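Please keep the viewer open as you read.

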Amino acid sequence: MGKRKEKISSNIAWSTPEKICVRGLDLPNEILGHMNLGDLAFLQLTGRKATPEESRVFNAIIITLVEHGITPSALAARMTYMGAPESLQAAVAAGLCGLGTVFVGSMEGASKMLYEALPQDRRGTGADLDAIALETVEKFHARKAIVPGLGHPVHKPVDPRTPRLFQIAAENGRSGQYIELIQKIQGVAEAKSGKMLPINATGAIGAICCEFGFPWKIVRGFGVMARAIGLVGHILEESENPISYELWQRAEQEILETSGPGAK
C-alpha cells in the first residue's frame, strides 16, 4: 500500500446526520424556497449566488434548451423507454448521449471558437473584431469545417430564440465583445458561402457563456442539464400516448417497400 496522499477535498457539499451544506449554504433553510433550479445550478457551478441580472440571463439559457420537439435526442429516449420501460433513467441517458457537435452540444464548439479567436485577456483591448471574424471563418473554411453556432435546418433566416437571448443579455449587462464577434462571424460566413446561416440558439448561448466567462469545456453541460428535463417530459408522454412502436413499424414497412422482395 502506497504512502497516503493529501486529504481528499471538495468545496461543493457535505452532510452530517443533522445538516446538508451546499456551497456554504444550508440546504433546507437557505436554499429550499429561496432559489429556483437555475439559480441552484449557477451556485453549483460558480460557488456563489447569482445576482438578479445573472439569474435572468442564466435561467433564460437553461430554459431555451429544455425542449425543441421530436428531435433525435427525444426519439432516442422514447425508443429506449419502449424497450425498457422499467428504466426511465436509461431512457433519459440514451437521449443525452446524442448531445454533441450537431445537436445541443454545439454551444461548446461556439464558445471554444470564440475564446480561441478572442482570449479573455484580450477583451476590452481594442481588438479588431472584423479582422478576427474574417480570420476565424477562413480557418474553418480552410479545413472544410462547419462554423459552430451558425445555421439551422428549420429556423431561417432567423432562429427566433437568438434575438430574444441577445435582448435578455443586453438588458442585464451581459452583452459584450463575444456576442458582437459571433454576429460578425455570421456576416462573414454568409458572405463567403452565399447561404443563410443564422446564429442558432446554441451559438447565441455559446457567446453569452463567454460573456459570463464560463470555461468552454463545461458549456455543453448546460445543454445536458436542460435537455434532461425535456426528456423526462417526453418519456411521460410516451408512457401515456406512445409513438415509438408506430415509428418502428412504419420504418420496417417502408424499408420492405423500398428494399424488400418485390420492391420497385
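## An aromatic cluster

In this predicted model, F42, F58, F212, F214 and F222 are linked into a cluster by ring pairs. Rings of Phe, Tyr and Trp (its six-membered ring) count as a pair if their centres lie within 6.5 Å; the pair is stacked when the planes are under 30 degrees apart, edge-to-face when they are over 60 and tilted for the rest. By this rule there are nine aromatic pairs. One of them joins F212 and F214, which are stacked at 5.1 Å centre to centre with 25° between the planes. F214 also pairs with F222, this time edge-to-face, with 5.1 Å centre to centre and 75° between the planes.

How exposed or buried are these rings? Both F212 and F214 are buried, where buried means under 20% relative accessible area, exposed means over 50% and partly exposed is in between (1.4 Å probe, protein chains only). F214 counts as buried because its relative accessibility is 8%. F222 has a relative accessible area of 0%, so F222 is buried as well.

## Arginines over rings

A charge sits over a ring here if NZ of Lys or CZ of Arg is within 6 Å of the ring centre and within 35 degrees of the ring normal. Have a look at F140 too, where R143 lies over the ring face at 4.4 Å from the ring centre.

## Backbone points to check

Which residues have a positive phi although they are not glycines? R23 does, with a phi of about 50°, and so does K144, at about 55°. R23 lies in the loop between β2 (20-22) and β3 (25-26), and R23 counts as partly exposed because its relative accessibility is 22%. K144 is in the loop between α7 and α8; with a relative accessible area of 80%, K144 is exposed. Helices (H or I, at least four residues) and strands (E, at least two) are DSSP runs, numbered from the N terminus.

The peptide bond from K156 to P157 is cis, with omega near 0°. P157 is found in the loop between α7 (129-142) and α8 (161-171).

## Domains

The domain assignment gives domain 1 (19-50) and domain 2 (105-218), with bounds from an automatic or database assignment. Their C-alpha centres lie 31 Å apart.

## How to read the values

Residues are numbered from 1 along each chain as its sequence is written, and side-chain values use heavy atoms, leaving out hydrogens and water. As the model is predicted, local features need pLDDT of at least 70 and side-chain atom pairs count only at pLDDT 80 or more, while totals for chains, interfaces and linings use all residues.
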